[in-house]
Amino acid sequence: YTSESYPEITRDPKFSELSEKHVQFFKELLGAGSAVIDGVSQDAADDLEPFNSDWMRKYKGHTKLVVKPGSTEDVSKVLKYCNDNMLAVVPQGGNSGLVGGSVPVFDEIVINMSRMNTIRDFDEVSGTLVVDAGCILEVADHFLAEMDHIFPLDLGAKGSCHIGGNVATNAGGLRLLRYGSLHGNVLGIEAVLPDGTVMDDLSRLRKNNTGFDIKQLFIGGEGTIGIITGVSIQCPQRSKATNVAFFGLESFEKVQQAFRDAKKQLSEILSAFELMDGQSQDLVHRVTDKKRPLEGQHPFYCLIETSGSNPDHDSEKLEAFLEHVMGEEIVSDGVLAQDETQIQSLWSWREGIPECLGHWGGVYKYDLSIPLPELYKLVEDTRERLTLAGLVGDDEKHPVVGVVGYGHMGDSNLHLNVATRRFDKEVEKQLEPFIYEWIAKRNGSISAEHGLGLAKKAYIGYSRSETMIRLMKQIKELYDPNGIMNPYKYI
Ligand code: FAD
Ligand code: MLT
Ligand code: ZN
(Lines give C-alpha, C1' and ligand atoms only; values in the text may rest on other atoms or scores of the structure.)
(Ligands and ions follow the chains in the order given, each with its own letter.)
Protein backbone atom coordinates (compact mmCIF):
# COMPACT_ATOMS: atom_id res chain seq x y z
CA TYR A 1 0.00 0.00 0.00
CA THR A 2 0.97 3.64 -0.33
CA SER A 3 1.02 6.16 2.48
CA GLU A 4 -1.11 9.31 2.54
CA SER A 5 2.07 11.31 3.03
CA TYR A 6 3.91 9.75 0.07
CA PRO A 7 1.46 8.63 -2.63
CA GLU A 8 4.35 8.00 -5.02
CA ILE A 9 6.00 5.37 -2.78
CA THR A 10 4.65 1.86 -2.32
CA ARG A 11 5.27 -0.19 0.82
CA ASP A 12 7.53 -3.10 -0.01
CA PRO A 13 5.47 -6.24 0.62
CA LYS A 14 8.63 -8.24 1.42
CA PHE A 15 8.63 -6.61 4.87
CA SER A 16 6.56 -8.24 7.62
CA GLU A 17 3.77 -6.38 9.37
CA LEU A 18 4.39 -5.92 13.08
CA SER A 19 2.58 -8.33 15.34
CA GLU A 20 2.09 -8.64 19.11
CA LYS A 21 4.54 -11.54 19.05
CA HIS A 22 7.26 -9.22 17.71
CA VAL A 23 6.49 -6.60 20.34
CA GLN A 24 6.66 -9.25 23.04
CA PHE A 25 10.18 -10.16 21.93
CA PHE A 26 11.37 -6.55 22.26
CA LYS A 27 9.71 -6.12 25.65
CA GLU A 28 11.40 -9.24 26.96
CA LEU A 29 14.75 -8.11 25.58
CA LEU A 30 14.69 -4.44 26.63
CA GLY A 31 12.22 -4.45 29.53
CA ALA A 32 8.60 -3.34 29.41
CA GLY A 33 9.37 0.23 30.60
CA SER A 34 10.14 3.28 28.47
CA ALA A 35 12.63 1.38 26.28
CA VAL A 36 9.75 0.08 24.16
CA ILE A 37 6.92 2.33 22.96
CA ASP A 38 4.29 -0.04 21.71
CA GLY A 39 1.54 1.08 19.39
CA VAL A 40 0.68 -2.42 18.21
CA SER A 41 -1.08 -3.89 21.22
CA GLN A 42 -2.28 -0.51 22.52
CA ASP A 43 -3.00 3.02 21.30
CA ALA A 44 0.20 5.02 21.73
CA ALA A 45 -0.25 7.54 18.90
CA ASP A 46 0.72 10.57 21.04
CA ASP A 47 3.81 8.86 22.45
CA LEU A 48 4.90 7.78 18.98
CA GLU A 49 4.30 11.17 17.31
CA PRO A 50 7.71 12.75 18.07
CA PHE A 51 9.47 9.72 16.55
CA ASN A 52 7.22 9.75 13.48
CA SER A 53 7.77 13.39 12.53
CA ASP A 54 10.88 15.39 11.83
CA TRP A 55 12.20 18.77 13.00
CA MET A 56 10.64 20.61 10.06
CA ARG A 57 7.30 18.78 10.40
CA LYS A 58 7.61 18.00 6.72
CA TYR A 59 8.01 14.23 6.83
CA LYS A 60 5.58 11.91 8.56
CA GLY A 61 5.95 8.22 9.24
CA HIS A 62 3.60 5.63 10.68
CA THR A 63 5.67 3.52 13.00
CA LYS A 64 3.87 1.52 15.61
CA LEU A 65 7.01 0.65 17.54
CA VAL A 66 9.99 2.53 18.95
CA VAL A 67 12.76 0.57 20.64
CA LYS A 68 15.57 2.13 22.63
CA PRO A 69 18.49 -0.27 23.06
CA GLY A 70 20.74 0.33 26.07
CA SER A 71 23.91 -1.37 24.81
CA THR A 72 25.71 -2.56 21.71
CA GLU A 73 24.61 -6.09 22.60
CA ASP A 74 20.97 -4.92 22.65
CA VAL A 75 21.39 -3.33 19.22
CA SER A 76 22.87 -6.56 17.93
CA LYS A 77 19.95 -8.65 19.24
CA VAL A 78 17.36 -6.16 17.97
CA LEU A 79 18.85 -6.07 14.46
CA LYS A 80 19.34 -9.82 14.24
CA TYR A 81 15.70 -10.37 15.17
CA CYS A 82 14.52 -7.77 12.65
CA ASN A 83 16.69 -9.25 9.92
CA ASP A 84 15.51 -12.80 10.64
CA ASN A 85 11.88 -11.65 10.65
CA MET A 86 12.09 -9.22 7.70
CA LEU A 87 11.16 -6.22 9.83
CA ALA A 88 12.32 -2.92 8.35
CA VAL A 89 14.02 -0.40 10.67
CA VAL A 90 15.02 3.27 10.84
CA PRO A 91 18.02 4.24 13.00
CA GLN A 92 17.23 7.48 14.83
CA GLY A 93 19.55 9.80 16.72
CA GLY A 94 18.44 13.26 17.84
CA ASN A 95 15.98 13.45 14.92
CA SER A 96 17.35 16.85 13.88
CA GLY A 97 18.09 15.74 10.31
CA LEU A 98 16.77 17.97 7.53
CA VAL A 99 16.18 15.48 4.69
CA GLY A 100 13.59 13.09 6.16
CA GLY A 101 16.15 10.34 6.76
CA SER A 102 15.48 9.80 10.45
CA VAL A 103 11.74 9.09 10.39
CA PRO A 104 9.93 6.09 8.93
CA VAL A 105 8.07 6.25 5.63
CA PHE A 106 5.58 3.47 6.50
CA ASP A 107 5.63 1.28 9.60
CA GLU A 108 9.39 0.71 9.95
CA ILE A 109 10.53 0.15 13.54
CA VAL A 110 12.37 3.16 14.95
CA ILE A 111 15.60 2.20 16.71
CA ASN A 112 16.23 5.25 18.82
CA MET A 113 19.74 5.57 20.25
CA SER A 114 19.08 8.03 23.10
CA ARG A 115 19.68 5.51 25.90
CA MET A 116 23.22 4.84 24.68
CA ASN A 117 24.66 8.13 25.90
CA THR A 118 27.78 7.35 27.94
CA ILE A 119 31.13 9.04 27.48
CA ARG A 120 33.32 5.96 27.45
CA ASP A 121 36.82 7.38 27.62
CA PHE A 122 38.97 10.45 27.09
CA ASP A 123 42.73 10.64 26.76
CA GLU A 124 44.03 14.10 27.61
CA VAL A 125 47.40 13.59 25.98
CA SER A 126 46.21 12.53 22.53
CA GLY A 127 42.80 14.28 22.74
CA THR A 128 40.97 11.07 21.78
CA LEU A 129 37.37 10.86 22.91
CA VAL A 130 35.36 7.62 22.82
CA VAL A 131 31.58 7.92 23.18
CA ASP A 132 28.37 5.97 22.76
CA ALA A 133 26.57 6.94 19.56
CA GLY A 134 23.58 8.39 21.44
CA CYS A 135 25.67 10.98 23.31
CA ILE A 136 24.32 14.49 22.61
CA LEU A 137 26.88 16.70 20.85
CA GLU A 138 26.60 19.55 23.37
CA VAL A 139 27.00 17.17 26.32
CA ALA A 140 30.25 15.89 24.81
CA ASP A 141 31.43 19.43 24.10
CA HIS A 142 30.74 20.53 27.71
CA PHE A 143 32.64 17.50 28.98
CA LEU A 144 35.54 18.37 26.69
CA ALA A 145 35.51 22.02 27.84
CA GLU A 146 36.30 20.78 31.35
CA MET A 147 39.23 18.91 29.86
CA ASP A 148 40.39 22.01 27.95
CA HIS A 149 39.46 20.42 24.63
CA ILE A 150 36.81 21.03 22.00
CA PHE A 151 34.66 18.80 19.79
CA PRO A 152 35.81 19.31 16.18
CA LEU A 153 32.20 19.81 15.03
CA ASP A 154 29.68 22.46 16.03
CA LEU A 155 26.19 23.08 14.69
CA GLY A 156 22.94 24.82 15.54
CA ALA A 157 21.26 21.54 16.56
CA LYS A 158 24.01 20.71 19.09
CA GLY A 159 21.53 20.55 21.99
CA SER A 160 19.63 17.66 20.43
CA CYS A 161 21.70 15.89 17.76
CA HIS A 162 23.66 12.75 18.66
CA ILE A 163 27.28 12.09 17.80
CA GLY A 164 26.14 8.87 16.08
CA GLY A 165 23.71 10.95 13.99
CA ASN A 166 26.46 13.45 13.21
CA VAL A 167 28.71 10.68 11.98
CA ALA A 168 25.89 8.96 10.06
CA THR A 169 25.21 12.24 8.20
CA ASN A 170 28.86 13.35 8.03
CA ALA A 171 27.66 16.68 9.45
CA GLY A 172 29.74 19.70 8.45
CA GLY A 173 28.73 22.68 10.55
CA LEU A 174 30.44 25.82 11.72
CA ARG A 175 33.98 24.61 12.45
CA LEU A 176 34.75 22.54 9.37
CA LEU A 177 36.82 25.37 7.92
CA ARG A 178 39.22 24.97 10.83
CA TYR A 179 39.08 21.33 11.90
CA GLY A 180 38.07 19.54 8.71
CA SER A 181 35.42 16.90 8.07
CA LEU A 182 34.45 13.90 10.17
CA HIS A 183 36.01 11.71 7.48
CA GLY A 184 39.33 12.95 8.88
CA ASN A 185 38.51 13.37 12.58
CA VAL A 186 36.74 10.09 13.29
CA LEU A 187 39.38 7.55 14.25
CA GLY A 188 37.16 4.55 14.83
CA ILE A 189 33.62 3.27 14.70
CA GLU A 190 31.79 0.46 16.43
CA ALA A 191 28.71 -0.51 14.45
CA VAL A 192 26.20 -3.32 14.24
CA LEU A 193 25.41 -4.83 10.87
CA PRO A 194 21.84 -5.82 9.97
CA ASP A 195 22.49 -9.50 10.77
CA GLY A 196 23.60 -8.58 14.29
CA THR A 197 27.36 -8.81 13.69
CA VAL A 198 29.26 -6.27 15.81
CA MET A 199 31.89 -4.52 13.71
CA ASP A 200 34.47 -3.42 16.26
CA ASP A 201 36.61 -0.91 14.41
CA LEU A 202 36.83 1.46 17.38
CA SER A 203 40.45 2.27 16.66
CA ARG A 204 42.12 5.16 18.49
CA LEU A 205 44.94 5.33 16.00
CA ARG A 206 45.67 8.43 13.96
CA LYS A 207 47.37 6.37 11.29
CA ASN A 208 46.36 2.91 10.20
CA ASN A 209 47.05 1.88 6.62
CA THR A 210 45.98 -1.73 6.78
CA GLY A 211 43.63 -2.24 3.88
CA PHE A 212 40.28 -0.62 3.08
CA ASP A 213 39.12 1.99 5.59
CA ILE A 214 35.66 0.45 6.02
CA LYS A 215 34.47 2.85 8.74
CA GLN A 216 34.36 5.59 6.10
CA LEU A 217 31.27 3.90 4.60
CA PHE A 218 29.39 4.52 7.84
CA ILE A 219 30.41 8.20 7.86
CA GLY A 220 27.65 9.78 5.78
CA GLY A 221 25.98 6.37 5.23
CA GLU A 222 22.69 7.74 6.68
CA GLY A 223 21.81 4.53 8.50
CA THR A 224 21.57 2.42 5.34
CA ILE A 225 24.17 -0.26 6.10
CA GLY A 226 24.23 -0.60 9.88
CA ILE A 227 23.82 1.17 13.20
CA ILE A 228 26.72 3.09 14.68
CA THR A 229 26.97 2.33 18.41
CA GLY A 230 30.32 3.90 19.35
CA VAL A 231 32.64 6.55 17.96
CA SER A 232 36.23 7.47 18.71
CA ILE A 233 37.23 10.93 17.59
CA GLN A 234 40.24 13.21 17.59
CA CYS A 235 39.49 16.40 19.57
CA PRO A 236 41.64 19.54 19.36
CA GLN A 237 42.91 21.58 22.30
CA ARG A 238 40.43 24.33 23.27
CA SER A 239 41.62 27.79 22.24
CA LYS A 240 42.35 30.30 25.00
CA ALA A 241 41.08 33.22 22.98
CA THR A 242 37.95 33.40 20.85
CA ASN A 243 36.90 36.55 19.00
CA VAL A 244 33.91 37.21 16.80
CA ALA A 245 33.42 40.03 14.30
CA PHE A 246 30.25 40.80 12.36
CA PHE A 247 30.35 42.78 9.12
CA GLY A 248 27.94 44.41 6.70
CA LEU A 249 29.00 44.37 3.03
CA GLU A 250 27.66 45.92 -0.17
CA SER A 251 28.09 43.06 -2.64
CA PHE A 252 28.99 39.39 -2.94
CA GLU A 253 32.21 40.52 -4.67
CA LYS A 254 33.18 42.27 -1.43
CA VAL A 255 32.28 39.17 0.59
CA GLN A 256 34.73 37.17 -1.52
CA GLN A 257 37.39 39.82 -1.06
CA ALA A 258 36.85 39.78 2.71
CA PHE A 259 37.14 35.98 2.74
CA ARG A 260 40.36 36.00 0.72
CA ASP A 261 41.89 38.65 2.98
CA ALA A 262 40.71 36.91 6.16
CA LYS A 263 42.55 33.77 5.05
CA LYS A 264 45.65 35.83 4.24
CA GLN A 265 45.74 37.94 7.38
CA LEU A 266 44.12 35.75 10.03
CA SER A 267 45.40 32.47 8.57
CA GLU A 268 45.90 29.91 11.38
CA ILE A 269 43.52 31.62 13.86
CA LEU A 270 40.54 31.85 11.47
CA SER A 271 37.95 29.34 12.76
CA ALA A 272 34.71 30.31 10.98
CA PHE A 273 33.64 32.44 8.06
CA GLU A 274 29.86 32.44 7.73
CA LEU A 275 27.67 34.25 5.23
CA MET A 276 24.16 35.66 5.75
CA ASP A 277 22.30 37.69 3.16
CA GLY A 278 20.27 40.78 4.01
CA GLN A 279 16.93 39.00 3.55
CA SER A 280 17.85 36.21 5.97
CA GLN A 281 18.69 38.82 8.60
CA ASP A 282 15.46 40.73 7.88
CA LEU A 283 13.46 37.57 8.53
CA VAL A 284 15.36 36.84 11.76
CA HIS A 285 14.63 40.42 12.82
CA ARG A 286 10.93 40.09 11.97
CA VAL A 287 10.65 36.95 14.09
CA THR A 288 12.83 37.86 17.09
CA ASP A 289 12.51 41.68 17.10
CA LYS A 290 16.04 41.78 18.56
CA LYS A 291 18.24 44.86 18.17
CA ARG A 292 20.37 44.39 15.06
CA PRO A 293 24.16 44.19 15.55
CA LEU A 294 24.81 47.01 13.04
CA GLU A 295 23.03 50.34 12.59
CA GLY A 296 22.25 50.38 8.86
CA GLN A 297 21.07 47.53 6.67
CA HIS A 298 23.30 45.79 4.15
CA PRO A 299 22.80 43.32 1.29
CA PHE A 300 25.29 40.89 2.88
CA TYR A 301 26.68 40.08 6.31
CA CYS A 302 29.62 37.94 7.43
CA LEU A 303 30.46 36.47 10.78
CA ILE A 304 34.14 35.83 11.31
CA GLU A 305 35.44 33.88 14.29
CA THR A 306 39.04 33.51 15.35
CA SER A 307 40.39 31.08 17.93
CA GLY A 308 43.97 30.98 19.06
CA SER A 309 46.29 30.31 21.95
CA ASN A 310 47.55 33.84 22.58
CA PRO A 311 44.88 36.53 23.23
CA ASP A 312 47.23 39.48 22.60
CA HIS A 313 48.52 38.03 19.37
CA ASP A 314 44.98 37.27 18.16
CA SER A 315 43.66 40.75 19.04
CA GLU A 316 46.57 42.38 17.27
CA LYS A 317 45.92 40.35 14.12
CA LEU A 318 42.19 40.94 14.20
CA GLU A 319 42.57 44.67 14.73
CA ALA A 320 44.97 44.92 11.78
CA PHE A 321 42.46 42.94 9.68
CA LEU A 322 39.59 45.22 10.74
CA GLU A 323 41.62 48.31 9.91
CA HIS A 324 42.41 46.84 6.50
CA VAL A 325 38.87 45.83 5.49
CA MET A 326 37.34 49.07 6.79
CA GLY A 327 40.13 51.26 5.32
CA GLU A 328 39.90 49.58 1.90
CA GLU A 329 36.10 49.78 2.06
CA ILE A 330 35.79 46.04 1.61
CA VAL A 331 33.25 46.06 4.44
CA SER A 332 30.81 48.92 5.00
CA ASP A 333 30.38 48.50 8.74
CA GLY A 334 31.46 46.10 11.44
CA VAL A 335 31.37 45.26 15.12
CA LEU A 336 33.69 43.21 17.30
CA ALA A 337 32.24 41.28 20.26
CA GLN A 338 33.62 42.50 23.56
CA ASP A 339 32.70 39.56 25.78
CA GLU A 340 31.20 36.07 25.77
CA THR A 341 27.60 37.40 25.86
CA GLN A 342 28.22 39.49 22.76
CA ILE A 343 29.89 36.54 21.06
CA GLN A 344 26.76 34.45 21.67
CA SER A 345 24.53 37.31 20.57
CA LEU A 346 26.36 37.75 17.25
CA TRP A 347 26.31 34.00 16.63
CA SER A 348 22.53 33.98 17.23
CA TRP A 349 22.05 36.06 14.07
CA ARG A 350 23.60 33.19 12.12
CA GLU A 351 22.63 30.09 14.12
CA GLY A 352 19.07 31.33 14.64
CA ILE A 353 18.25 31.51 10.91
CA PRO A 354 16.90 27.92 10.43
CA GLU A 355 14.47 28.21 13.33
CA CYS A 356 13.23 31.69 12.35
CA LEU A 357 12.60 30.65 8.75
CA GLY A 358 10.12 28.05 9.97
CA HIS A 359 7.99 30.75 11.61
CA TRP A 360 5.54 31.14 8.69
CA GLY A 361 4.87 27.49 7.95
CA GLY A 362 7.07 25.45 5.63
CA VAL A 363 10.62 25.87 4.39
CA TYR A 364 12.11 24.41 1.23
CA LYS A 365 15.74 23.79 2.18
CA TYR A 366 18.62 23.28 -0.23
CA ASP A 367 22.11 22.55 0.99
CA LEU A 368 24.57 22.94 -1.84
CA SER A 369 28.24 22.97 -2.76
CA ILE A 370 28.91 25.57 -5.44
CA PRO A 371 32.21 27.01 -6.70
CA LEU A 372 32.59 30.26 -4.72
CA PRO A 373 32.37 32.86 -7.52
CA GLU A 374 28.83 31.69 -8.39
CA LEU A 375 27.69 30.74 -4.91
CA TYR A 376 25.21 33.56 -4.45
CA LYS A 377 23.97 33.66 -8.05
CA LEU A 378 21.70 30.70 -7.37
CA VAL A 379 19.82 32.70 -4.73
CA GLU A 380 19.31 35.57 -7.18
CA ASP A 381 18.21 33.25 -9.98
CA THR A 382 15.78 31.38 -7.72
CA ARG A 383 14.34 34.60 -6.30
CA GLU A 384 13.80 35.94 -9.79
CA ARG A 385 12.18 32.70 -10.96
CA LEU A 386 9.71 32.56 -8.05
CA THR A 387 8.92 36.27 -8.36
CA LEU A 388 8.24 35.96 -12.11
CA ALA A 389 5.95 33.02 -11.34
CA GLY A 390 3.98 35.38 -9.07
CA LEU A 391 4.57 33.27 -5.96
CA VAL A 392 6.34 35.80 -3.71
CA GLY A 393 4.43 38.39 -1.69
CA ASP A 394 3.43 39.85 1.64
CA ASP A 395 -0.09 38.50 1.83
CA GLU A 396 -1.73 35.12 2.34
CA LYS A 397 -2.39 34.78 -1.41
CA HIS A 398 1.32 34.35 -2.08
CA PRO A 399 2.86 31.18 -0.69
CA VAL A 400 6.47 32.47 -0.57
CA VAL A 401 7.55 34.80 2.26
CA GLY A 402 11.20 35.06 1.22
CA VAL A 403 14.08 33.48 -0.69
CA VAL A 404 17.25 33.64 1.38
CA GLY A 405 20.87 32.55 1.22
CA TYR A 406 23.25 31.87 4.07
CA GLY A 407 25.82 29.27 4.90
CA HIS A 408 29.36 28.17 5.37
CA MET A 409 31.15 30.53 2.99
CA GLY A 410 34.49 29.10 4.10
CA ASP A 411 33.47 25.69 2.73
CA SER A 412 31.70 26.96 -0.46
CA ASN A 413 28.48 25.61 1.08
CA LEU A 414 25.32 27.61 0.41
CA HIS A 415 22.04 27.11 2.24
CA LEU A 416 19.35 28.31 -0.14
CA ASN A 417 16.05 28.43 1.74
CA VAL A 418 12.58 29.34 0.54
CA ALA A 419 10.37 30.28 3.47
CA THR A 420 6.69 29.69 2.73
CA ARG A 421 3.31 30.05 4.37
CA ARG A 422 2.57 26.41 3.52
CA PHE A 423 4.18 23.55 1.62
CA ASP A 424 2.89 24.20 -1.89
CA LYS A 425 3.12 22.02 -5.03
CA GLU A 426 3.33 25.08 -7.30
CA VAL A 427 6.41 26.36 -5.42
CA GLU A 428 7.98 22.91 -5.44
CA LYS A 429 7.47 22.60 -9.20
CA GLN A 430 9.35 25.86 -9.75
CA LEU A 431 12.22 24.76 -7.50
CA GLU A 432 12.80 21.20 -8.61
CA PRO A 433 14.49 20.10 -10.79
CA PHE A 434 15.50 23.73 -11.60
CA ILE A 435 17.93 23.94 -8.65
CA TYR A 436 19.43 20.51 -9.26
CA GLU A 437 19.96 21.27 -12.96
CA TRP A 438 21.59 24.58 -12.04
CA ILE A 439 23.96 22.74 -9.68
CA ALA A 440 24.79 19.94 -12.12
CA LYS A 441 25.77 22.52 -14.79
CA ARG A 442 28.39 23.87 -12.38
CA ASN A 443 29.59 20.46 -11.15
CA GLY A 444 28.42 21.32 -7.66
CA SER A 445 26.85 18.99 -5.10
CA ILE A 446 23.11 18.77 -4.39
CA SER A 447 23.99 17.96 -0.79
CA ALA A 448 27.01 19.54 0.84
CA GLU A 449 26.19 18.43 4.37
CA HIS A 450 22.64 17.30 5.18
CA GLY A 451 22.65 14.14 3.06
CA LEU A 452 20.04 12.73 0.69
CA GLY A 453 17.55 10.94 2.95
CA LEU A 454 14.10 10.90 1.41
CA ALA A 455 14.20 14.52 0.22
CA LYS A 456 16.80 14.07 -2.49
CA LYS A 457 16.66 10.37 -3.26
CA ALA A 458 15.31 11.01 -6.75
CA TYR A 459 18.03 13.53 -7.53
CA ILE A 460 21.28 11.72 -6.67
CA GLY A 461 21.99 11.44 -10.42
CA TYR A 462 22.56 15.21 -10.60
CA SER A 463 25.68 14.80 -8.45
CA ARG A 464 26.80 11.19 -8.94
CA SER A 465 27.51 9.19 -12.09
CA GLU A 466 25.79 5.91 -12.93
CA THR A 467 28.97 4.03 -12.07
CA MET A 468 29.14 5.61 -8.60
CA ILE A 469 25.47 4.85 -7.96
CA ARG A 470 25.97 1.23 -9.07
CA LEU A 471 28.92 0.85 -6.68
CA MET A 472 26.82 2.29 -3.85
CA LYS A 473 24.05 -0.20 -4.58
CA GLN A 474 26.55 -3.07 -4.55
CA ILE A 475 27.82 -1.97 -1.14
CA LYS A 476 24.25 -1.77 0.15
CA GLU A 477 23.59 -5.33 -1.17
CA LEU A 478 26.71 -6.61 0.54
CA TYR A 479 26.00 -5.15 3.97
CA ASP A 480 22.22 -5.35 3.97
CA PRO A 481 21.09 -8.13 1.59
CA ASN A 482 17.53 -8.10 2.99
CA GLY A 483 17.31 -4.32 2.62
CA ILE A 484 15.89 -3.78 6.13
CA MET A 485 18.04 -0.72 6.95
CA ASN A 486 16.30 2.60 6.37
CA PRO A 487 14.38 1.50 3.25
CA TYR A 488 12.77 3.90 0.73
CA LYS A 489 15.57 6.41 1.39
CA TYR A 490 18.34 7.37 -0.98
CA ILE A 491 19.55 3.90 -1.83
P1 FAD B 1 19.00 12.05 13.01
O2 FAD B 1 18.29 13.22 12.45
O3 FAD B 1 18.30 11.29 14.07
O4 FAD B 1 19.37 11.03 11.82
C5 FAD B 1 19.98 11.49 10.65
C6 FAD B 1 20.33 10.28 9.75
O7 FAD B 1 21.32 9.48 10.38
C8 FAD B 1 19.17 9.36 9.50
O9 FAD B 1 19.28 8.82 8.21
C10 FAD B 1 19.33 8.27 10.53
O11 FAD B 1 18.77 7.05 10.12
C12 FAD B 1 20.83 8.18 10.66
N13 FAD B 1 21.32 7.82 12.00
C14 FAD B 1 21.14 8.49 13.16
N15 FAD B 1 21.79 7.89 14.16
C16 FAD B 1 22.41 6.81 13.62
C17 FAD B 1 23.24 5.79 14.16
N18 FAD B 1 23.59 5.75 15.43
N19 FAD B 1 23.70 4.83 13.30
C20 FAD B 1 23.37 4.86 11.98
N21 FAD B 1 22.58 5.79 11.45
C22 FAD B 1 22.12 6.76 12.25
N23 FAD B 1 23.81 19.66 9.66
C24 FAD B 1 25.06 19.99 9.24
O25 FAD B 1 25.75 19.18 8.61
N26 FAD B 1 25.59 21.23 9.50
C27 FAD B 1 24.91 22.16 10.20
O28 FAD B 1 25.40 23.27 10.40
C29 FAD B 1 23.61 21.83 10.67
N30 FAD B 1 22.90 22.72 11.40
C31 FAD B 1 21.64 22.40 11.80
C32 FAD B 1 20.91 23.34 12.52
C33 FAD B 1 19.62 23.06 12.94
C34 FAD B 1 18.85 24.07 13.72
C35 FAD B 1 19.04 21.80 12.63
C36 FAD B 1 17.67 21.44 13.08
C37 FAD B 1 19.76 20.86 11.91
C38 FAD B 1 21.06 21.15 11.49
N39 FAD B 1 21.82 20.23 10.76
C40 FAD B 1 23.08 20.54 10.35
C41 FAD B 1 21.24 18.92 10.39
C42 FAD B 1 21.36 17.85 11.50
O43 FAD B 1 21.44 18.43 12.74
C44 FAD B 1 22.56 16.97 11.27
O45 FAD B 1 22.34 16.23 10.10
C46 FAD B 1 22.87 16.02 12.43
O47 FAD B 1 24.15 15.46 12.20
C48 FAD B 1 21.85 14.91 12.60
O49 FAD B 1 22.07 14.25 13.84
P50 FAD B 1 20.88 13.51 14.60
O51 FAD B 1 21.44 12.79 15.76
O52 FAD B 1 19.78 14.44 14.88
O53 FAD B 1 20.45 12.44 13.50
C1 MLT C 1 22.99 25.59 9.09
O2 MLT C 1 24.11 25.76 8.64
O3 MLT C 1 22.39 26.46 9.73
C4 MLT C 1 22.37 24.26 8.92
O5 MLT C 1 22.99 23.43 8.03
C6 MLT C 1 20.89 24.21 8.91
C7 MLT C 1 20.25 24.82 7.73
O8 MLT C 1 20.67 24.61 6.61
O9 MLT C 1 19.26 25.53 7.88
ZN1 ZN D 1 24.93 24.17 7.50
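Author: A residue is buried if 20 or more other C-beta atoms lie within 10 Å of its own, and exposed if 12 or fewer do. The model is a predicted one. Leu30 shows how the cut-off works. Leu30 has 20 C-beta neighbours inside 10 Å, so Leu30 counts as buried. Leu30 sits in helix H1, residues 20–30. Leave aside its neighbours within four places in sequence, and Leu30 is in contact with Ala35, Val36, Val67, Lys68, Pro69 and Asp74.

Now the part for a close look, helix H12. H12 spans residues 340–351, 12 residues in total. From first C-alpha to last, H12 reaches 16 Å. That is close to the 16 Å expected at 1.5 Å a residue.

Which residues of H12 are buried? They are Leu346, Trp347, Trp349 and Arg350. Seen down the axis of H12, these buried residues fall within an arc of 145°, so they line one face of the helix. Turn to the face directed away from that buried side. There H12 carries the exposed residues Glu340, Thr341 and Gln344.

What do the buried residues of H12 pack against? Three strands take part: E10 (241–249), E11 (270–277) and E12 (300–308). Two helices do as well, H10 (278–288) and H13.

After H10 comes Asp289, with a positive phi near 60°.

Another positive phi belongs to Ser267, near 25°, in a residue other than glycine. Ser267 lies in the loop between helix H9 (252–266) and E11. Ser267 has 10 C-beta neighbours inside 10 Å, so Ser267 counts as exposed. Tyr488 has a positive phi as well, near 70°. Tyr488 is placed in the segment after helix H17 (466–479). Is Tyr488 buried or exposed? With 23 C-beta neighbours inside 10 Å, Tyr488 counts as buried.

Next, H13 and the ligands. H13 covers residues 353–357 and supplies at least two residues of the shell around ligand 1. Strand E3 (89–92), helix H5 (163–169) and strand E9 (227–234) each do likewise. H5 gives the largest share of that shell, five residues. There are 37 residues around ligand 1. Those that come nearest are Gly93, Gly97, Gly101, Gly165 and Gly223. By type, the shell around ligand 1 divides into 14 nonpolar, 20 polar and three charged residues.

Gly156, Pro354, Lys365, Asp367, His415 and Glu449 are the residues around ligand 2. They divide into one nonpolar, two polar and three charged.

Step back to the domains. The domain assignment gives domain 1 (119–234), domain 2 (250–349) and domain 3 (354–450). The C-alpha centres of domain 1 and domain 3 lie 30 Å apart. Their contact takes six residues from domain 1 and eight residues from domain 3. On the side of domain 1 that touches domain 3, the residues divide into three nonpolar, three polar and no charged. Domain 1 and domain 3 also each give at least three residues to the shell around ligand 1.

Last, a stretch around helix H16. The peptide bond from Glu432 to Pro433 is cis, with omega near 10°. Pro433 is found in the loop between helix H15 (425–431) and H16. H16 itself runs over residues 434–441 and includes Lys441. Lys441 has 10 other C-beta atoms within 10 Å, so Lys441 is exposed. Lys441 and His62 are 379 residues apart in sequence. In space, their C-alpha atoms are 38 Å apart.

To return to H12: Leu346, Trp347, Trp349 and Arg350 are its buried residues, and E10, E11, H10, E12 and H13 are the elements they pack against.

Definitions and conventions
Residues numbered from 1 in each chain as written. Chains lettered and ligands numbered in written order. Predicted model: local features only at pLDDT ≥ 70, side-chain atom pairs only at ≥ 80, totals over all residues. Near = placed C-beta within 6 Å. Helix = DSSP H or I, 4+ residues; strand = E, 2+ residues; numbered from the N terminus. Nonpolar A, V, L, I, M, F, W, Y, C, P; charged D, E, K, R; others polar. Domains from an automatic or database assignment. Expected span 1.5 Å × (residues − 1). Arc of directions from axis to C-beta. Contact = placed C-beta atoms within 7 Å.
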